[in-house]
Amino acid sequence: MNPRFDPDLLLMEVNGLTVEFDTPDGTVHAVTDVSYRLHRGETLAILGESGSGKSVSVQAIMGLVPSPPGRIAAGSVMFQGLDLVSASRTEVNKLLGSEIAMIFQDPLSSLNPVFPVGWQIGEALRVKDGLSRADARARAVDLMDRVHIPNARKRVRDYPHEFSGGMRQRAMIAMALAQDPKVLIADEPTTALDVTVQAQIMDLLDEIQRESKMGLILITHDLGVVASVADSVLVMYGGRIIERASADDFYAKPAHPYSQGLLASVPRLLSDMGRLQPIDGAPPSLIHLPPGCSFGPRCPHVAQECLTDRPHLVEVPTRPGLAACKRMGKF
Amino acid sequence: MSLLEVRDLVKEFPLRGGIFNLTQNKVQAVSGVSFDVEAGQTHGLVGESGCGKSTVARTILRLHKATSGSVFLDGRDLLALSGRELREARADLQIIFQDPFASLNPRMTVRDIVGEPLIIHKRASGDELRTRVDELLDQVGLDTGFANRYPHQFSGGQRQRIGIARALALDPKLIVCDEPVSALDVSIQAQVINLLKDIQKERGLAFLFIAHDLAVVRHISDVVSVMYLGRIVETGPIHEIYDNAQHPYTQALLSAVPEPDPQTERTRKRLVLTGDVPDPIDPPSGCRFRTRCWKATELCANETPPLVDPGIGHAVACHYPEPLAVAVEVAARSGEVAVRDPFAMGS
């Protein structure tokens, strides 16, 4: 097990989180009854395809769900004794950015094009910690050094367009680290980057986590990235968690038919696969979710009970972890 | 003779500016690329953004005008054709684009989209056209009952199937696939990859498969060429490249791809490149990879390494080719490249 991961030190607890959006076509059930815990030093991967609710589930933590049309219909996010969902805006704002920080997929649209990168990295320090301009710039240079941006002293005055994609993501990470967060949420942080740059950024996140022991929530669709960094895995489908396990258990023995299908459908780099085993059909509409298991219509092991009764997360009989499938052990 | 022979293909994009809008500089997108695609086979072209792989595809299709070089399809130089001859030749050469949302006309029904090439090339009309379109839709796994719907009524995977049906309409010899599955979700990706393989088997088609996903390319290709900054750095049969890469860039590229298996990830040694790809307006002299290479010497700056087989069974453009195990040791000693050895890492 990863030595930085301390399962006794709970950082954040998400309970029954449910997010809905009202649209002219009906209510979109983006996230339904999502619960998990994040510990000190843990890398928790939330794995899912587009429309699975993986991004919305963390946007809700960060108060980034636009309301209206969105609303957090139920659930709580406990962090340092405070429920981020029900607490006042002022209380929550004190924590966001400083104790809980977030980085996004596309660093170019997350950076302001008209301010120097160093100015933006130091912004939180000036506004929240009350540092002077000079002090904030000096801290920005330190932070840029920490994320290995070469020539930080000179580049602190450069604008976002003068940075390459990888360097912009490093700048975003520097900005997120400015106030030493306990939790970092990374939403597809390397999806827009080339694979050699992705390797650099994942190494950087790993290095930072070793130093700071922060908890990292990694949102991704990439099964390879999850395998290389995650301690624990949550798999989302149709807005719900359908499997939860340690990364080792998940990859060695995926329990849910969707997880099994996902792993059988990815081509491997290091070995020949023969014919790929795709999952038939397409993900469900989040407006008209099927009454039973949302994966039922695509599932090779589907039975009558799956189409009428919704499965709950239960212990997997053959190994540690939970999965939401009524037919486990019967196929 | 191969089905497609690309020889010394060069494509430069002029950068204009200044008060007279004169050419100030040139982006050297493709700098002397040669390769073959055999009938009925798939040639994968891989590399990271800006390496020129898509420009190669578009120049072959004459969507860009080549600066120099030649492209022979069945012995005919496509770049020398014009007018009617070019239109005829294009029937043999089709393309599938990355983005199935942007590449289909939203105002046309699926029947019109798939049938359009048949009408333009006067291959079918009336009832025959109907039957042909139905056959094509059937072959790509789309319900013919949906033929009168519009693209927005389909999912991403289904739209890519529409694009494939259209590309197949004229019964081409070669289809250029430009990142055909990278916009799709994993579970849908596999459906489209299987479809492409099935169609190839049935029709004896050749694919030029452009992609950045190295695992997908391994799965679908017979031969692969790796591009870096406008040039091919290594080329050969799939197993040669994936199991015995000798160019430092190919090695770094392959080792950067995480494998969906934590056990493997913990035990694999990886080369992690530092720095970024240089500016294609002013590429490095000699070997273009030398600025990021841990083995670079003066020779690499002075002489462009030719793409030849040094007796290993495939061609590599490097003055110092060597197997991965050796390269990892050399890289570790140089200290210029991070060698991530999971065993050696403490907490």
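Residues are numbered from 1 along each chain as its sequence is written, and chains are lettered from A, with ligands numbered from 1, in the order in which they are written. Because the model is predicted, local features need a pLDDT of at least 70 and side-chain atom pairs count only at pLDDT 80 or more, whereas totals for chains, interfaces and linings use all residues; side-chain values use heavy atoms, with hydrogens and water left out.

The mean pLDDT of chain B is 90, with 98% of its residues reaching 70 or more. In residues 343-347 of chain B, however, the pLDDT is below 50, and this stretch has 6 contacts in the model beyond near neighbours in sequence, a contact meaning heavy atoms within 4.5 Å. Where pLDDT is low, the predicted coordinates should not be read in detail.

Secondary structure is given as DSSP runs numbered from the N terminus, with helices (H or I) of at least four residues and strands (E) of at least two; two strands are taken to pair if DSSP finds at least two bridges between them. In chain B, 7 strands form an open sheet of mixed pairing, in the order E6-E7-E8-E3-E9-E10-E12. Its edges are strand E6 (93-96) and strand E12 (315-316) of chain B, each of which pairs on one side only. Within this sheet, strand E3 (residues 42-46) and strand E8 (residues 206-211) of chain B run parallel and are joined by 5 bridges, and the bridge partner of Leu45(B) in E8(B) is Ile210(B). Helix H9 (residues 248-256) of chain B packs on the sheet, where it touches strand E9 (223-228) and strand E10 (231-237) of chain B, and its direction makes about 100 degrees with that of E9(B). Helix H6 (residues 186-203) of chain B lies across E3, E6 and E8 of chain B and runs at about 160 degrees to E8(B). For these angles, axes are lines fitted to C-alpha atoms, for helices over the stretch in contact, and the values run from 0 to 180 degrees between N-to-C directions.

Antiparallel pairing is found between strand E1 (residues 4-17) and strand E4 (residues 68-73) of chain B, which are joined by 5 bridges, with Leu4(B) standing opposite Leu73(B) in E4(B). E4(B) is also joined, by 2 bridges and again antiparallel, to strand E5 (residues 76-77) of chain B, in which Asp77(B) is the bridge partner of Phe72(B). The hairpin of E4(B) and E5(B) has 2 residues between the strands, and Asp74(B) takes a positive phi near 55 degrees there.

Burial was assigned from relative accessible area (buried under 20%, exposed over 50%, partly exposed in between, with a 1.4 Å probe and protein chains only). Helix H5 (residues 156-168) of chain B is mostly covered, with 11 of its 13 residues buried, including Arg159(B), Gln160(B), Arg161(B) and Ile164(B). The buried residues of H5(B) pack against E6, helix H3 (110-120), helix H4 (126-139), strand E7 (174-178) and H6 of chain B. Ile95(B), located in strand E6 of chain B, is buried, with a relative accessible area of 18%, and touches Leu61(B), Ala167(B), Ile175(B), Val176(B) and Asp178(B), not counting residues up to four places away in sequence.

A nonpolar core is defined as a set of buried Ala, Val, Leu, Ile, Met, Phe, Trp, Tyr and Cys residues joined through side-chain atoms within 4.5 Å. The largest such core has 76 residues, and those with the most contacts inside it are Ile164(B), Leu214(B) and Tyr242(B); H6(B) gives the most to this core, with 7 residues. Apart from it lies another core, of 38 residues, among them Met12(A), Ala87(A), Val92(A) and Ile217(A). Leaving aside neighbours within four places in sequence, Tyr242(B) is in contact with Leu269(A), Leu214(B), Val217(B), Arg218(B), Val224(B) and Leu254(B).

In chain A, Gln198(A) is placed in helix H8 (residues 195-212) and counts as buried at 8% relative accessibility. Beyond residues up to four places away in sequence, Gln198(A) touches Thr190(A), Leu193(A), Asp222(A), Val225(A) and Pro258(B). Phe331(A), by contrast, is partly exposed, with a relative accessible area of 37%, and lies in the segment after strand E12 (322-323) of chain A.

Terms used:
pLDDT = per-residue confidence, 0-100.
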